[in-house]
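Here is a friendly walk through one model, from its sheet to its charged side chains. Have a look at the structure first, then read on.

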Amino acid sequence: VVALGAADDSQLAASVAAAEGSLEILDLKSLKPVRSIKKPHGCEAPEDLAFMPFGTSTSSTAPPLSSVVATCGKDGSAKLWDLRAHGSDPAKTLLEPGKDAATSIAMTPDGKLCAV
């Protein structure tokens with residue numbers, strides 16, 4: 001495990017399994033996996049992750065913020081993942097892959113800004 005994070009509402013946790021190259025989402029109460037995203041950054045696992053702070057969105061169609069996690073990777077990209085969705089496509093790519101690795105990601109407490 002190279003990165004670990006938990007949602008502010010203490011329902012979900014995420015871990016990066018480097019050997020498997022995956023992002024694993026866990027139920028915090030049972031510690032059982034609820035979703036696995038294989039190779040979310042090309043051939044690599046994410047370098048870091050951050051949950052968006054807990055809260056409700058102003059849009060009725062947007063996911064609750066605690067169900068969104070941001071990741072960054074050696075490929076230079078940064079992505080947002082809606083943890084309620086299925087499949088391996090990110091909800092949004094914040095930063096396209098580039099020549100430099102993205103090794104750290106953080107969210108502001110209000111979830112409006114992301115630093116990579």
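## The open sheet

Four strands form an open sheet in the order β5-β6-β7-β8, with antiparallel pairing. Strands here are DSSP runs of E with at least two residues, numbered from the N terminus, and two strands pair if DSSP finds at least two bridges between them. At the edges are β5 (46–51) and β8 (92–95), each pairing on one side only. Between β5 and strand β6 (residues 68–73) there are five bridges in the antiparallel sense, and Pro46 stands opposite Gly73 in β6.

This is a predicted model, in which local features need pLDDT of at least 70 and side-chain atom pairs count only at pLDDT 80 or more, while totals for chains, interfaces and linings use all residues. Residues are numbered from 1 along each chain as its sequence is written, and side-chain values use heavy atoms, leaving out hydrogens and water.

Strand β7 (residues 78–82) holds Lys79. A polar atom of the Lys79 side chain does lie 2.7 Å from the backbone oxygen of Pro40.

## The salt bridge

How many salt bridges does a search of the whole structure find? It finds one: Lys38 with Glu24, their closest N and O atoms 3.9 Å apart. Lys38 lies in strand β4 (residues 33–38) and Glu24 in strand β3 (residues 22–27), so the pair ties together parts 14 residues apart in sequence.

Notes. A polar contact is a pair of N or O atoms within 3.5 Å; within protein, one must be able to donate a hydrogen and the other to accept it, and residues adjacent in sequence count only if both atoms are side-chain atoms. A salt bridge is a side-chain nitrogen of Lys or Arg within 4 Å of a carboxyl oxygen of Asp or Glu.
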